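Notebook open, viewer loaded. I'll jot down what I look up as I go.

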Amino acid sequence: MNSTDAQDKAVNQGVAPVTYGKGERPPRGDYSRARADYTCEQDFGRYSATDHDTYRRLYARQLQQLPGLACAEFIAAVSQLGAPERIPRFDDISERLLKVTGWQIVGVPGLIPEEAFFALLAQRKFPVTDWMRTPEEFDYIVEPDVFHDLFGHVPLLFDPVFADYMQAYGRGGLKASRLDACELLARLYWYTVEFGLIATAQGVRAYGAGILSSAGELRHAVTSPVPRRIAFDLQRLMRTHYRIDSYQAGYFVIDSFQQLFEATAPDFTPIYAAVRKLPELAAGALLPGEREFGPAA
Ligand code: HBI
Ligand code: FE
C-alpha cells in the first residue's frame with residue numbers, strides 16, 4: 001500500500017496506541033483475526049461493561065447535539081443503529097441496511113490498507129472497526145473506533161444517493177491506486193465523507209462522519225465564524241491539504257448528495273493530471289473571488 005493518507009500518518013505518528021494486558025478486551029489492532037480481505041467477526045462477547053457504557057455515553061452526547069447541526073438525512077437515519085444504550089451487533093444493522101440500500105457493514109480490526117478499503121466499498125460493504133476506545137479517549141481518539149465508524153458513517157448509508165456515492169468512491173479508489181493518485185482521492189474522502197458540509201434552506205449542516213462523531217467539531221464546523229466554508233469544487237478540493245491534528249481550517253459545502261454522486265461520474269484521469277499542474281493549497285486557504293458560506297445561526 002502507498003501509505004500517504006493522513007489517517008495512516010495519524011496512527012503512525014500520533015499518540016502511542018494503548019496496550020492491553022494478556023487476555024484483556026477488546027483485542028485492539030489484532031490483525032491476526034482478519035481474513036484475507038481484512039474483515040473479521042465482530043468480537044461481540046468480548047465487549048466489557050465499560051465498552052458498552054462508553055458507547056452509550058458517546059451516543060447520548062452526540063445525539064443531543066444533532067438538531068440544527070446535522071443534516072436531516074442523518075438525523076432521520078440515526079435510529080437505524082438500534083438501541084442507543086449498548087454497542088449494536090453489526091449483523092442486525094446489516095439486515096436493515098441490506099433491505100434499504102443493499103449495503104452491509106463488516107467488522108475490521110482497525111485501519112486497513114487503502115486497496116482493501118476501496119475493494120470493500122466497491123462491494124457495498126462498509127468496514128467498521130470493532131473495538132471501543134478507552135474512557136480516557138472519550139473526547140478524542142486518533143484512529144477510528146467502533147463509535148466513530150458506526151455513529152459517524154453508518155446512518156448515511158441508509159440514504160440511497162449517498163450510498164451510491166460511497167460505492168462510486170470505492171470504485172474510483174481501485175482505479176486511483178493504479179494511477180498513483182490515492183493522495184488526491186483521499187482528500188475527496190476527507191473533505192466529503194469525513195468532514196463534509198451541506199447547504200440547506202436553514203443554513204449549512206454537517207454530513208461528514210468526522211464532524212458528526214466529534215464532541216467539539218460539530219459546533220465548530222457548523223456555527224463558528226472561524227473556519228472557511230467554500231462551495232464544493234472537485235479540482236479545488238483535490239488541491240487542498242487537510243489537518244489531521246486539529247479542527248479543520250476549511251470545509252467544502254455541497255448542494256446535495258446528488259451533486260456529490262455526479263462529481264464522481266467522470267473519469268478522474270484528466271482531473272488528476274489537471275490538479276497536478278496547479279499549485280497545492282493550504283488548509284483554510286481562500287482564493288480571490290471565492291464565496292464563503294456563513295456559519296449557521
Ligand atoms: N480503513 N478501517 C478503515 N477505515 C477507514 O476509514 C480507512 C481505512 N483504510 C484506508 C482509508 N480509510 C483511507 O485511505 C481513506 O482516506 C480513503
Ligand atoms: Fe471515518
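I start with a term: two strands pair if DSSP finds at least two bridges between them. Strand 1 and strand 2 meet that, pairing in the parallel sense over 5 bridges. I keep in mind that this is a predicted model.

**Entry 1, the strand pair.** I looked up one position in the pairing and found Gly107 opposite Val128 in strand 2. I then checked how covered strand 2 is, and 4 of its 5 residues are buried. Arg124 has a positive phi of about 55 degrees although it is not a glycine. With a relative accessibility of 16%, Arg124 counts as buried, because the cut-off is under 20%.

I find 8 of the 8 residues buried, so helix 6 is largely enclosed by the rest of the structure. The buried residues include His148, Leu150 and His153.

Helix 4 (residues 90-101) has 12 residues and should span 16 Å at 1.5 Å a residue; its end C-alpha atoms are 16 Å apart, which agrees. Which residues of helix 4 are buried? They are Phe90, Ile93, Ser94, Leu97 and Thr101. These residues cover an arc of only 100 degrees around the axis, which puts them on the same side of helix 4. On the other side I see Asp91 and Lys99 exposed. The buried residues of helix 4 pack against strand 1, strand 2, helix 6 and helix 7. After the helix comes Gly102, with a positive phi near 75 degrees.

I backed up into the loop between helix 3 and helix 4, where Pro88 sits. Pro88 is buried at 8% relative accessibility. Leaving aside neighbours within four places in sequence, I list its contacts as Gln42, Phe44, Tyr55, Leu81, Ile93 and Leu150. For Pro88 and Leu150 I noted a C-alpha to C-alpha separation of 8.9 Å, at 62 residues apart in sequence.

Helix 7 has 20 residues and reaches 29 Å from first to last C-alpha, close to the 28 Å expected. Its buried residues include Phe162, Tyr165, Met166, Tyr169, Gly173 and Ala176. What covers the buried residues includes helix 4, helix 5, strand 2, helix 8, helix 12 and helix 13. In the loop from helix 7 to helix 8 I found Asp180. Asp180 has a positive phi of about 60 degrees without being a glycine. Asp180 is exposed, with a relative accessible area of 53%.

I looked up Leu218, which is in helix 10 (residues 217-223). Leu218 is buried, with a relative accessible area of 0%. Not counting residues up to four places away in sequence, Leu218 touches Gln62, Gln65, Leu66, Leu69, Ala206, Ile211 and Leu212. I also took the C-alpha distance from Leu218 to Glu292, which is 18 Å at 74 residues apart in sequence.

My other pick was Tyr242, in the loop between helix 11 and strand 6. Tyr242 counts as buried at 18% relative accessibility. Between Tyr242 and Tyr191 I get 8.2 Å, C-alpha to C-alpha, with the two residues 51 apart in sequence.

Note on methods. Residues numbered from 1 in each chain as written. Chains lettered and ligands numbered in written order. Predicted model: local features only at pLDDT ≥ 70, side-chain atom pairs only at ≥ 80, totals over all residues. Heavy atoms only, no water. Helix = DSSP H or I, 4+ residues; strand = E, 2+ residues; numbered from the N terminus. Expected span 1.5 Å × (residues − 1). Buried < 20%, exposed > 50% of the residue type's maximum accessible area, 1.4 Å probe, protein only. Arc of directions from axis to C-beta. Contact = heavy atoms within 4.5 Å.
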